[in-house]
Amino acid sequence: MQRRVSPAPVRCLTLAVAIAGSTLVVFAESPARTDRRPSPEQLTALRKSLKDPAADVRQRAALALAVAHDADAIPVLIDLLAELPAGKRQPVEEFLNDLAGEEAPASPPRAEDGKGRRDAWAAWWRDHDNDTLLAAVRKQTPSAETRTRIAALLVQLGDDRFTRREKASKELFALGRVALPPLRDALKSSDPEVARRAGLLIERIEAAPAHHLSPATLRLLAVRKPAGAIDALLAYLPYAEDDSRSEETRKALAALARRDGKAAPELLRALSDARPLVRAAAAQALARGAGTEGRDAARKLLRDEVATVRLQAALALAVAQDPASVPVLIDLLAVLPADEAGQAEGILYQLAGDKAPRESLGTQESERVKCRDAWAAWWKTNAERVDLAGLSDRPLLGYTILCDIIGNRVYEIDRHGKQRWSIDNLQGPVDAWMLPGDRVLIAEFYGQRVTERDLKGNILWQKATRGHVINVQRLPNGHTFAVTGGGPIAEFDRTGKEVFQLNDAGQRAVGGYRFPGGPLVTLSPNGRCVLMDTAGKQLKSFPSQHDASHYGRIDLSPNGRILITQCSRKKVIEYGKEGQKLLEVDAPDICTASALPNGHILVACQEKQRAYELDRAGKIIWEHKNAGQVFRARRR
């Protein structure tokens, strides 16, 4: 798309406020480190403040406790809906909506009806009690008896009697998702009737909403903490229906990992479970949420016989600042398949920064060995100087989001190119980001708007833009940053109110993003990259040789670098914030480039209708063809 020259699961709360007497103490919470929570003294002060006569004090205390998964805070937040004026209810309602997800109660028709909101949420809280939550999870977890019953019913699908076949189909459908794994195996049956009925049952079960476990159930278990929750979650994990529910289960386990100041014994026992998935989840939870005792216990799985278990334990311990994890991550580079090894590589790139080896995983075993050896040499030289503080746990799932600007859709594929979901009937999508809770933030160029949608395409939030929106970004504080062609650069809060707007600077921009909590980075029509503050004051400017007639040819990497596409030269250049060139690679047929956590580059090719991944040597290591006229590709 050329520039038109003319005369357009829970959202992270990064700060929580602890109230000790009359003193406000601000502490940070990292989404990857659930053991960073208020101290016992802060918790005591916060709980006392839940009864403070001042509503704003109760609100701050309850939000801080709710972030720390304290069940006592939720009824206080709900009661505040009837007490706070409409303008001050927003943080409370946002938290509750993120907690409840798709099960959030419908809001009363009148915005000023605080009592109606309180009563609806109070009923929701009562309906999701301990027994209800545990029963919902256990329903999705087959017992030994259920597995035996399913096996017998599968045999009956091929019975000579029609009535017996029909009865078996009905019973398997009633069992729901617990029957899906054996039903998928039954698709390979030599009996065509068994295979046919299995296929029909899979479609019906997957389409029935009643057979899905709500992610809110998993989040609420972490808050309510009923007895038996850890065992129920560990039993359910192998049957989690998708990655979002699997990740919600792991987050809940991390929140439950410490009880009465000690590591939860259920998780300590699970470190020896026969199932690799359960061992890995226990190690992750203990490393993330059980303090020093948990990290010490999880460390033994760095020697597990299963490589994927070692990987998950090492990733969690690395983010927990345990240096023993780094040699394990390096060794796994030569052992794991590309998508899993990429998770280890992403952590290593965060640690190494500019000193990262140039060797990448490639596609051959010899290349993976060479990459491992290069990283081992780097660690030998830098082990004493590397700082693990600030590492972010960003595992790559291997899913690629594609913006088909002409097909007017955004869709996602797995590592093998199989479509996972598609949002259609858009108006020129040029940028998209996956958000927590299976939501997608989309820039619609021709629609001149930013929309946040669920995976069915329903609009959950939108903001019209004055000009064709080019780049969009959701910031850690929940705000949305947007750059428009010929229009302003702006940042909006969740209500759509402008936090700031730059008109003159925006009209000179042909693309841009914002470093979280830092400067704006824009491309100007004169071929320069400009860093500025939110008042429009220029902080730095350097030549970037980008094509001024093209929109949106910029991206920011997770480690603070600037990626610029030079379409006419068919190259991607990586710059530092001071304008120093760090990398230059050839990128055939390029439209835009996006930075990956492992230092690689994801390229979208609109005209050639493909997307591919480049390593830092410029070698194509992954490719997806027949992608549509894809303007932007992103990986998660």
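1. The largest nonpolar core has 100 residues, and I74, L77, L267, L329 and W375 touch the most other members. A nonpolar core is a set of buried Ala, Val, Leu, Ile, Met, Phe, Trp, Tyr and Cys residues joined through side-chain atoms within 4.5 Å; buried means under 20% relative accessible area (1.4 Å probe, protein chains only). Helix α17 (residues 307-319) gives the most to this core, with 10 residues.

2. The model is predicted: local features need pLDDT of at least 70 and side-chain atom pairs pLDDT 80 or more, while totals for chains, interfaces and linings use all residues. Residues are numbered from 1 along each chain, and side-chain values use heavy atoms, without hydrogens and water.

3. Neighbours within four places in sequence aside, L77 is in contact (heavy atoms within 4.5 Å) with Q59, A62, L63, A66, V92 and F95. A second, separate core of 41 residues includes I405, F481, V530 and Y575.

4. Helices α11 (residues 215-224) and α13 (residues 243-255) pack at about 5 degrees, their axes 8 Å apart. They are therefore roughly parallel, a term for angles under 35 degrees. On the α11 side, P215, L218, R219 and A222 make the contact; α13 supplies R245, E248, T249, A252 and A255.

5. An open sheet of 4 strands runs in the order β24-β25-β26-β27, with antiparallel pairing; strands pair if DSSP finds at least two bridges between them. The edge strands, β24 (592-595) and β27 (620-625), each pair on one side only. Strands β25 (residues 601-605) and β26 (residues 610-614) are joined over 5 bridges, and C605 stands opposite R610 in β26.

Conventions
Helix = DSSP H or I, 4+ residues; strand = E, 2+ residues; numbered from the N terminus. Axes fitted to C-alpha atoms, helices over the stretch in contact; angles between N-to-C directions. Parallel < 35°, antiparallel > 145°, perpendicular 65-115°, else oblique. Buried < 20%, exposed > 50% of the residue type's maximum accessible area, 1.4 Å probe, protein only.
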